[in-house]
Amino acid sequence: MSTATERNRNWAIWALLGPGLVFIAGLLLVPIIDMTVISFRGESFGQILPGFTLANYASLVRDSTYAQIFLQTFAAAALVTVLCILLGFPVASLIADAPARWRGLLYFLVAAPLLVNTVVRTYGWLLILGRKGVINETLTWAGAIDQPLALSGNYIGLIIGGTQVFLPFMILSIATSLIAIDRCLIESSTILGAGPVRTFLEVTLPLAMPGVIAGSVLVFSLMLGAFVTPLILGGTAVKYVSVAVFTDALVLFNLPRATALAMVLLLAVLLLYALQKRALRRFEYYA
Amino acid sequence: MDRIKVSARNIVKRFGTTLAADDVSLDIRDGEFLTLLGESGCGKTTLMRIIAGLETVDSGSIHIDGQDVTALSPRERNLGMVFQQYSLFPHMSVAENIGYGLRVKRKGEQEIRATIDEMLELVRLPDLRERRPAQLSGGQQQRIALARALATRPSLLMLDEPLGALDLKLRRQLQAELKRIHRQSGTTFLFVTHDQDEALFLSDRVAVMRAGRIEQLDDPTRIYCNPVNQFVADFVGSVTLLECEYDAARGGIALEGGGFVPMPLEHAPRRITLVVRPENVQLTPAGGGDGLACKVEDIAYQAGTTLYTVRLASGAALISRDLGAPSPAFALGGDARAKLSNCTVAFPHQGMN
Amino acid sequence: MNEASTWTSLRALAAAAVYGFLIIPMLVVVLFSFSDKSFFTFPPSGFSLKWYQAAWNSERFLGPAVRSIVLATLATLLTVAISIPAALALRKMNAGRLRAAVEFLFLGPLIVPALIIGIALLYSFSKVGLIDTFGGLLAAHALIVFPFVFRAVLTSVVNLRQHLIDASEILGAGPFYTFRRIMLPSLVPGLAAGAIFAFIVSLDQFTVSLFVTQSEQAVLPVAIYKYLYDVNDPVVAAVSTVLVVFGFAVAVVIDRLGWLRHLGGTAG
């Protein structure tokens, strides 16, 4: 290839990339950089002060409420992730073993809820978990309880709602890994004398790990940054990072502290993805 | 009399409307190398998988070492299997792969290690103990798969087209290895392939299958020289089957359209089928001499051998194989004479061995 | 065989329970929308379509619904226009660090949580006065929706068969002509799937919309949320049911186009 064609090609590439780069840079990179800058600014009566200060970050570390917020958020994300693995594995396994005819439908029922608004999906839980919701009404009618259970507006509702919202991601991720497992490996294990439990633990599970890891990172980071679910199902009892950001920004008008919180969240998510790359490298068997 | 190691009796298996096994019976002798030979869809893999217990039967029974195992699951039958895709567990080392079946049986550490060493010696790959399958070549993976299957000392080792994924040269090497390993281990081998050269080279006996039935079960020589019908004859090598009359008085075969092949036979019925292979046909220039009059239809040269296709007056086509380059004596479209020698005769068989 | 089949039955049972868990909340909302009482009762009582009537007539929903649809359409068109040249550029680039970095950048809005995008845009938009404007909202939605369209277009573009393009050039066609006649038709299925994805993601988008709008530019999810906290009657259930049905309908369309698997790597 002559240098003229090479130069033409490069020019074409940058010309084509131009709009996209400007778009992303202007709407994503610049705002995030701005946000980072703001997190180091002071605040007074809703006005952002010039200058550099670490006060926002300092207050995150010193203030015990923030410690609680972080703890509860991370704990919720971890709990939801574990629940998604436990609940998601049977479904993913079913999909992977299903004959082609049924697989489409099984996939569909898992993926379709993702296209429904999160507010709507969470609203359903309000109706189920509320004081006069489905569960309480049924249990009262059956005589199992006298007082309605507090299942919503607290941690329990948050975990249940969060699990349901993010479960499809875990299922799809694990299913992809399971489907990639060669049937002959399972048959080999059976012929060599292993029962279903042993085959699962020694062959299926290790080979499904990439899917479990990818799914876990995805669900964990989604739950960390979740906003709708804690907002609607968490109520005042639950302290969540995203809700605190919202409150700081739009209720207390303390933008710098809100952005400091947001920065911590962003760093946590980015760290997670970096760790995922390393974790997945251990499992590159088929290379 | 050889002991029967594995016996399949009257196996019938349907997949939907397809009959994959049509009342098939097969006795595998202790220590032998038996190959199921056929094209895709003939039922050979199904039969093997039924013996393994990976497929259920609609009717029929499987006996191993005299025991009825039809109702047993694969893990209870103490068998070994090697797949075309090797199927080594990618997340385990070679040693862990080989030791898998032994760990399942809860054998002791010492015994497991000793067996792994023994197996690696058998397949001649002692240095690969700690490697992962992804680091091995195709041929190495296949040998480790063999080692893994043999480690549990199975009653029967089944191989489902294990060399199909390898290139020609490697395949030849591994065929020789397989033969050696079979001899050395003394295990009964059941081999499935569609490659007739492979089948004839490796096996003590070959079962040629078609549409869920065994057409002929015999040692390789008899399969080649005494095919029981057109299908078997055609399947293994190129062949022309000539229907002729045996003339007991003259001690030979009278061919249609004239020509006589001296071939004294005992107990030959009047109508017999002559099996004519390319190496049985020699061309001589036209004019005089014995041999059948024919016309040269095609001349093909294949790395050291020339194949002549000639057509007899009766309309039958013969292929003649000659070493060396095409002879100037024979021209495309010209005349020649075909001499037949050492042909064999196809007799119908009385049941299977 | 027996042990295996016990596990298989157990698994089927567990999977069925999980499927129920996934679907039931939406089912409850749908049932509620047909109730004849204005508060939630269980078991459901009566059957009535009056809430749908009310929703249709309600200015709290009709306006935002229209706005959401217009917004989704425009955001989709905008991102399609930007994605195509971007994907074509990536296709031309040699594989390597630069290309991976650009790809990563374009998929950025997927990785960064919606909350972060929300607050970052809140500040940036307030600096230039774009808060609570349609333009700002459009820009925000285009950003969120961009990775979905881009990914679909990129997959299609990468699968373009070079020899067809070469043949076109050898026959004398210029780059624009080749693009219009040869490349574009092959891109249409992927484009369509990406566009449909984008449309529904925009329609469903709540978090960022909440941050960059106040009272003027309400979008449908925000309107639903606000209604939930003021009143809690079946009107919102009716609107929600429409969204559920719409979501499933779109899922069917995407499934037919063969792109349903790709939902696995999306952010909410």
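Predicted model: local features only at pLDDT ≥ 70, side-chain atom pairs only at ≥ 80, totals over all residues.
Student: Over to chain A. Are helix 2 and helix 12 of chain A roughly parallel or roughly perpendicular?

Tutor: Helix 2 (residues 55–62) and helix 12 (residues 255–281) of chain A pack at about 65 degrees, their axes 9 Å apart. Angles from 65 to 115 degrees count as roughly perpendicular. So helix 2 of chain A is, relative to helix 12 of chain A, roughly perpendicular.

Student: And which residues of helix 12 of chain A make that contact?

Tutor: From helix 2 of chain A come Asn56(A), Tyr57(A), Ser59(A) and Leu60(A). By class, this contact has six nonpolar, two polar and one charged residues. On the helix 12 side of chain A, look for Pro256(A), Arg257(A), Ala260(A), Leu261(A) and Val264(A).

Student: What handedness does the crossing of helix 2 and helix 12 of chain A have?

Tutor: Picture helix 2 of chain A passing helix 12 of chain A. That crossing is right-handed.

Student: Chain A touches chain C too. Which helix of chain A gives the largest share of that side?

Tutor: The contact takes 71 residues from chain A and 66 from chain C. The chain A side has 52 nonpolar, 14 polar and five charged residues. Its largest share, 17 residues, comes from helix 1 (residues 3–38) of chain A.

Terms used:
Residues numbered from 1 in each chain as written. Chains lettered and ligands numbered in written order. Axes fitted to C-alpha atoms, helices over the stretch in contact; angles between N-to-C directions. Helix = DSSP H or I, 4+ residues; strand = E, 2+ residues; numbered from the N terminus. Parallel < 35°, antiparallel > 145°, perpendicular 65-115°, else oblique. Left-handed = near helix turned anticlockwise from the far one by under 90°. Contact = placed C-beta atoms within 7 Å. Nonpolar A, V, L, I, M, F, W, Y, C, P; charged D, E, K, R; others polar.
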